[in-house]
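Visitor: I am new to this structure and would like to learn how to read it. Could you show it to me and take my questions one at a time?

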Amino acid sequence: MEDALMTPTLLKLATWNIGGGILGESHQHDGIPSLGHYASVLEAHAPDVVCLQEAHDYHGRREDQATELARRVGYPHVASFPVSVSHMARDASLALGILSRFPLDDVVFKRFPNPGLEGSGPGGGRWTLHDKGYAVGSLDLGGGRRLGFVNGHCFPLRRFGVSPADPVFAPMWEMLAEDLREIGRTGMAFAGVDANYGRFGELLGNVMGAGGYRSAFEGTPTTAKGVQNDHVLYGRALRLLSTTVAATESDHAYCQVRVQVEAGGAGAGGMILTGVSTGPS
């Protein structure tokens, strides 16, 4: 049998803000979750790993949404990290969820420093900036191969009249960049992030570009309002084969990349093939 380390591996990696499992506008309060829709999308696209943002976590009172989706769709490995109180449900927290066909290792949650801004919400009500952050860890692909990952959700700073590119936020981006560099030393890493910002790569400095991460669908709208908030970054040992940005009944698109792990699990090389589709890949 050929050495597993020398066998390229095809992976489908996804990110999706599911807005508390509620269909339509994600700022509805006390809406009824419809996880069947989210499960059907995951079944149709069959990602190997999916990073969820704004999944509801009920603090053990009942099954959290990441765990329920994992059970419905058949993912053997799942983690959920409550981040902040939910603006959609009184009894829930917004959580980062990871669903995986591979074992999860050394996964930790890191909270961004909260600047405590206040502003006006979509309905004109007063908003206070809720906590955000990211989960960082690795996946055991077998054969000695490990894939680092980040699942992140960033502050919607534009709603508070400031720009993510303002110098005051530079330490926050460096915090994230440092972890991306750490997990991406061999090029075996990816990130699924709702950045609440289109030009996300510009905030991360030398993490991006030659020898670092690439952005899978920069400039592609990922929300019902026609803006890009959601991003997948991939390391140099992953060769991009295709991208999927699929509209759903949620206000965020389902975003997925299909990549090939380069032989040996490190090194870039090869041509990058990109494309955007609206169906399963």
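Visitor: In which strand is E54 found?

Guide: Welcome! Please keep in mind that this is a predicted model. E54 belongs to strand β2, which spans residues 49-57.

Visitor: What is the phi of E54?

Guide: Let us begin with the general idea. Most residues other than glycine have a negative phi. In this structure, E54 has a positive phi, near 55°.

Visitor: Is E54 buried or exposed?

Guide: Buried means under 20% relative accessible area. E54 has 7% relative accessibility, so it counts as buried.

Visitor: Which other residue has a positive phi although it is not a glycine?

Guide: Have a look at A46, where phi is about 50°. A46 sits in the loop between α1 (35-45) and β2. With a relative accessible area of 27%, A46 is partly exposed.

Visitor: How many residues does the largest nonpolar core have?

Guide: The general idea first: in soluble globular proteins, nonpolar side chains tend to be buried together. Here the largest nonpolar core has 29 residues, and L11, L13, L139, L147, F190, L238 and V257 have the most contacts inside it. Several strands supply at least two residues each, among them β1 (9-17), β8 (133-142) and β13 (238-246). The largest share of this core, 4 residues, is from β14.

Visitor: With which residues is L238 in contact, leaving aside its neighbours within four places in sequence?

Guide: L238 is in contact with L13, L147, G187, M188, A189, F190, V259, Q260 and V261. There is also a second, separate core of 28 residues, which includes V150, L203, L204 and V207.

Visitor: To step back, how many helices and strands does the protein have?

Guide: The protein has 3 helices and 15 strands. Of its 281 residues, 54% count as buried. For contacts between residues at least 6 apart in sequence, 70% join residues at least 24 apart. The protein exposes about 11400 Å², with 53% of that supplied by carbon and sulfur atoms.

Terms used:
Residues numbered from 1 in each chain as written. Predicted model: local features only at pLDDT ≥ 70, side-chain atom pairs only at ≥ 80, totals over all residues. Heavy atoms only, no water. Buried < 20%, exposed > 50% of the residue type's maximum accessible area, 1.4 Å probe, protein only. Contact = heavy atoms within 4.5 Å. Areas by Shrake-Rupley, 256 points an atom, 1.4 Å probe, with all protein chains shown as cover. Core = buried A, V, L, I, M, F, W, Y, C linked by side-chain atoms within 4.5 Å.
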